[in-house]
Amino acid sequence: MSDPKQKAGRLSPLGLIKEVFNWYPSSYPAEERKLLFKLDLSILIFACLCFFVKYLDQTNISNAYVSGLKEDFGLYGNELNYFNVCYFTAYVVFQIPGLLLMSRPKLARWLLPTLEILWGICTFAQSRVTNVHQIYALRFLVGMLEAPVFAGTHFVLGSWYTGPELFKRAGTWFICNPLGTMVSGYLQAAAYTNLSGVGGMSGWRWLFIIDGIFTIPVALIGFLIFPGIPGSPKPFYLTDRNIALAKERTERAKIRQPGKMSIDVFKRTFKRWHIWVFITCYACMIICCYPISYMSLWLKAEGYSVTQINQLPTVTYAINIVASWLGSTLAAIYPEWIIFTFASACCLFSTLCLIIWNIPTALKFVAWYTFGASGCLSPILYSTINIIVRDDAEERALIMGSMMSFGYSFNIWVPLLAYPTAGPDGAPRWRKGWPISFVFFFLLWAGFVASVFLWRREQKKEALVSPQESSDEETDNVVIDTTSVLKN
């Protein structure tokens, strides 16, 4: 079968719509389509639910802060940033160990559900805090336990899916990021309106209880259906033939399954350009995207009601959902760098508006909402990494863990310098912060485009050195319609 990107220029509008929703190509053997369907029902259902509650439990602190927590504890300094610093300190420290554990077949199936049980308990505990120091400690524990969820899920997706399949699944999964943040706003608004005072507790305390109630059942579902990676203990719904077929697919796509873990993974990873380019890209993404979630602080400063403060920012996340799914899907059909460029341009426009700041209120809303286009940046980046580094599972895990560690390390100190929540240059004005975001949005775009073209150049060199091997690989691509994703 031919590569969708080769056909993209000839697609009619109707053909493009069909390709967007074409998750199980008719050219695939029936057995392979059935396998993909099983994987979607298991991996995507648990991964989406897990990611959804992860972002509920990660972002609920901001909703609680603007819904009474600030006043209850007399937090009139930089405490909101300190809460995030505690979370991200643990998140950074435990990234690489978590990802390397995810690359171990015997652990991969059980790790995420177990961690989710534990952070669900911590989420419940936040509803009973009596001082700010307890919040700091619990935010640290939640960050530690949630550390492997994001990059670890990308690693799992890249271990089962290939090429266009991967882009589409990664984009669909990633919508649970903004969905979790958006729902958290609605939950806090509902808790503030309907549960304030119930049981003698403030509405913001009920938010943590509600989030904990969501979290625990999802973890239990994970123990039942999450398959880990192809070498993990077989779940009940996959047959021996299913596992064999999955391994055949990854072999054809040149995706190497995990081998023995040794210190050599660090040596060979640091010798290649991949880790250096990708950790730089992700650091830029973290820095430039940090203030996007603080629209609520602008609304609070403008005097909007608590309900409006929690609900109006959800429009950004709704746009984020559409961008995540549609942008990633289009990146499976058209050159991924073009889709990445369009989304980056939208974010640069928004950032420029907020640098100017003194603009009509309506345009300011447009600027905040246009940030939603950033939803496809992360799934496109991680799917590209899964394809570029498909020949070394341990390197892939180390790169993804390092990206999260290095990138989120900036969330420990950059917010205190560039995005303070107090003072004359504090949120939401950020006279220094918005120009910094603009620069790093541009660097993120430049780094991603550079990585794609560096990889293409490597592929061309390999084809010249070993034309027969290249020809064989192209034949494999025709069979499974996947690994030539970045070649056009």
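Where does Trp357 lie? Trp357 sits in the loop between H18 and helix H19 (361-370).

Notes on the model follow.

1. Basis. This is a predicted model: local features need pLDDT of at least 70, side-chain atom pairs count only at pLDDT 80 or more, and totals for chains, interfaces and linings use all residues. Residue numbers start from 1 along each chain as its sequence is written, and side-chain values use heavy atoms, with hydrogens and water left out. Helices (H or I, at least four residues) and strands (E, at least two) are DSSP runs, numbered from the N terminus.

2. Positive phi. Trp357 is not a glycine, yet has a positive phi of about 70°. Trp357 is buried, with a relative accessible area of 12%. Buried means under 20% relative accessible area, exposed over 50%, and partly exposed in between (1.4 Å probe, protein chains only). Lys254 is also not a glycine and has a positive phi of about 65°. Lys254 lies in the loop between helix H12 (240-252) and helix H13 (264-271). Its relative accessibility is 38%, so Lys254 counts as partly exposed.

3. Helix packing. Helix H18 (residues 336-356) packs with helix H22 (residues 433-465) at an angle of about 170°, and their axes are 8 Å apart. Axes are lines fitted to C-alpha atoms, for helices over the stretch in contact, and angles run from 0 to 180 degrees between N-to-C directions. H18 and H22 are therefore roughly antiparallel to each other. The classes are: under 35 degrees roughly parallel, over 145 roughly antiparallel, 65 to 115 roughly perpendicular, the rest oblique. The residues of the H18 contact with H22 divide into 18 nonpolar, 4 polar and 2 charged. Here Ala, Val, Leu, Ile, Met, Phe, Trp, Tyr, Cys and Pro count as nonpolar, Asp, Glu, Lys and Arg as charged, and the others, Gly among them, as polar.

4. Glu336 forms a salt bridge with Arg456, with the closest N and O atoms 3.7 Å apart. Glu336 is in helix H18 and Arg456 in helix H22, 120 residues apart. Both Glu336 and Arg456 are buried. A salt bridge is a side-chain nitrogen of Lys or Arg within 4 Å of a carboxyl oxygen of Asp or Glu.

5. Nonpolar patch. Leu352, Ile356, Phe438, Val439, Phe442 and Leu443 make a nonpolar surface patch of about 510 Å². H18 and H22 are the elements that give two or more residues to the patch. H22 gives the largest share, 4 residues. Ile356 belongs to helix H18 and is partly exposed, with a relative accessible area of 48%. Patch residues have over 30% relative accessible area and no salt bridge; like charges are joined within 9 Å, nonpolar side chains (Val, Leu, Ile, Met, Phe, Trp, Tyr) within 5 Å. Accessible areas come from the Shrake-Rupley method with a 1.4 Å probe; for residues, only the protein chains shown count as cover.

6. Other salt bridges. The whole structure has 17 salt bridges. Asp392 pairs with Arg256, the closest N and O atoms being 3.1 Å apart. Asp392 lies in the loop between helix H20 (377-388) and helix H21 (393-418), and Arg256 in the loop between H12 and H13, so the pair ties together parts that are 136 residues apart in sequence. Asp392 is buried at 7%, while Arg256 is partly exposed at 31%. A network of salt bridges links Arg104, Arg256, Asp264, Arg268, Asp392 and Glu394.
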